[in-house]
Amino acid sequence: MMSHKIELATPQDTEAIIQFQLAMASETEGITLDYETVREGVKAAIADDSKALYLLAKNEEDQVIGSLMLTTEWSDWNNGVYYWIQSVYVRPDDRKQGVFSELFELAKSIAQSQNAGALRLYVDEHNLVAQKVYQSLGMHPSHYLMYEL
């Protein structure tokens with residue numbers, strides 16, 4: 001398995017992250033996101049790490065080939081934070097090469113370093129490929145269901 005450069009995003013990575021978000025929405029949900037809204041959202045998160053951290057995987061040419069967004073949630077039950085993996089995307093040509101696994105390992109390390117109560121993510125119930133990947137990394141289904149309004 002190839003080792004990639006894994007790092008935190010900087011403002012110079014904004015356009016790559018935007019393109020990943022647009023592609024992910026199209027691929028996974030068949031929706032077209034508004035470019036300007038996504039751009040402002042990505043810029044806001046990069047500028048304020050209390051909103052989110054973007055973890056990036058780069059290849060030998062320093063091109064961004066994968067990303068995930070890491071956010072936190074406060075738990076009063078545990079007097080601590082839970083970390084959430086969101087917005088996972090790996091370029092199609094770079095899939096099945098360990099890119100997500102390497103991003104996941106950094107996310108896990110960050111969560112552990114902050115004594116997080118959990119490292120969580122949500123996945124479409126029909127995305128069996130992603131579920132198998134998450135389980136292969138030691139994650140397991142939660143007993144919670146997600147509702148939204």
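Four aromatic pairs turn up in this predicted model when ring centres within 6.5 Å are counted as pairs. Two of them are set out here.

| Pair | Distance between ring centres | Angle between planes | Arrangement |
|---|---|---|---|
| Trp84 and Tyr122 | 6.1 Å | 55 degrees | tilted |
| Phe100 and Tyr134 | 5.5 Å | 65 degrees | edge-to-face |

Why do the two pairs get their labels? Planes over 60 degrees apart count as edge-to-face, under 30 as stacked, and the rest as tilted. At 55 degrees, the planes of Trp84 and Tyr122 therefore make a tilted pair. The 65 degrees between Phe100 and Tyr134 is over 60, so that pair is edge-to-face.

Now find these residues along the chain. Trp84 belongs to strand β4, which covers residues 80-90. Its partner Tyr122 sits in the loop between β5 (118-121) and α4 (128-136). The pair therefore ties together parts that are 38 residues apart in sequence. Tyr122 has 45% relative accessibility, so it counts as partly exposed.

The second pair links two helices: Phe100 is in α3 (residues 99-113) and Tyr134 is in α4, so parts 34 residues apart in sequence are tied together. Are Phe100 and Tyr134 buried or exposed? Both Phe100 and Tyr134 are buried. They also share one aromatic cluster with Phe104.

A ring can have a charged neighbour too. Look at Tyr89: Arg95 lies over its face, 5.2 Å from the ring centre.

Next, follow helix α1, which runs over residues 14-29. With 16 residues, α1 reaches 22 Å from its first C-alpha to its last, close to the 22 Å expected at 1.5 Å a residue. Just after the helix, Gly30 takes a positive phi of about 65 degrees.

Which residues of α1 are buried? They are Thr14, Ile17, Ile18, Phe20, Gln21, Leu22, Met24 and Ala25. The buried residues of α1 pack against α2 (35-47), β2 (53-58), β3 (64-75) and β4.

Leaving aside residues up to four places away in sequence, Gln21 touches Leu33, Val38, Ser67 and Ser87. With Ser87 there is also a polar contact, made between the two side chains at 3.2 Å.

Key:
Residues numbered from 1 in each chain as written. Predicted model: local features only at pLDDT ≥ 70, side-chain atom pairs only at ≥ 80, totals over all residues. Heavy atoms only, no water. Phe/Tyr/Trp six-rings, centres within 6.5 Å; stacked < 30°, edge-to-face > 60°. Helix = DSSP H or I, 4+ residues; strand = E, 2+ residues; numbered from the N terminus. Buried < 20%, exposed > 50% of the residue type's maximum accessible area, 1.4 Å probe, protein only. Lys NZ or Arg CZ within 6 Å of the ring centre and 35° of its normal. Polar contact = N/O pair within 3.5 Å; in protein donor to acceptor, adjacent residues only side chain to side chain. Contact = heavy atoms within 4.5 Å. Expected span 1.5 Å × (residues − 1).
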